[in-house]
Amino acid sequence: MVRVLITGMSGVGKSSLLEVLGEWGQFVIDTDYGDWKTSAGIWDARRMDEALAGHESVVVSGTAENQGQFYDRFDHVVLLSAPEEVIIERVQNRSTNPYGSSEEERAEIRGYLRSVEPLLRRGATVEIDATRPLLDIAREIVRLANAERST
């Protein structure tokens with residue numbers, strides 16, 4: 001059973017990575033979309049419990065305040081990281097998600113880089129430079145999953 005969590009700040013490419021992995025046949029869950037989060041913005045624990053119990057292999061993507069309570073059920077917790085200027089440029093220019101389009105939201109992202117990203121880094125089993133080409137990152141995630149399967 002291989003379960004991978006892809007986490008990181010807004011703008012590092014989590015959703016884009018999940019799209020590629022899904023196209024490659026991986027079962028993926030993007031917790032930033034759909035009803036994976038409660039009205040308080042945390043993961044719906046019942047739904048996440050069911051998803052993790054019901055799938056031998058899954059790649060979950062997202063960042064939520066309560067994600068740490070699920071770490072023991074993932075084989076890998078992968079932090080995607082990038083320099084602040086790269087993240088800000090990405091959120092300003094993306095068309096798939098409006099978050100980060102205002103200066104207020106970009107200031108919030110800058111604050112999260114200082115306050116939240118260090119917490120994510122402490123919980124991660126692997127950190128990947130998200131400035132690398134997307135397909136290279138996707139291949140690395142597949143390698144992690146395959147290496148875990150063979151043990």
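So, helices and strands: the protein chain here has 6 helices and 5 strands, counted as DSSP runs from the N terminus, with at least four residues (H or I) for a helix and at least two (E) for a strand. This is a predicted model, where local features need pLDDT of at least 70, side-chain atom pairs count only at pLDDT 80 or more, and totals for chains, interfaces and linings use all residues. Residues are numbered from 1 along each chain as its sequence is written, and side-chain values use heavy atoms, with hydrogens and water left out.

Going along the sequence, you get β-α-β-α-β-β-α-α-α-β-α. The radius of gyration is 15 Å, close to the 15 Å from the globule rule for 151 residues, so the chain is as compact as a globular protein of that length. That radius is taken over C-alpha atoms, and the rule is 2.2 Å times the number of residues to the power 0.38. If you like boxes, the C-alpha atoms fill one of roughly 45 × 35 × 30 Å along the principal axes.

Okay, what about the inside? Buried residues are 40% of the 151, where buried means under 20% relative accessible area with a 1.4 Å probe, protein chains only.

Now look at strand E5, residues 126-129. Val-126 and Ile-128 sit on its covered face, while Glu-127 and Asp-129 are on the uncovered one. Which strand is E5 joined to? That's E4, residues 76-81: the two run parallel, with 4 bridges between them. Strands count as paired if DSSP finds at least two bridges.

Conventions:
Buried means under 20% relative accessible area, exposed over 50%, partly exposed in between (1.4 Å probe, protein chains only).
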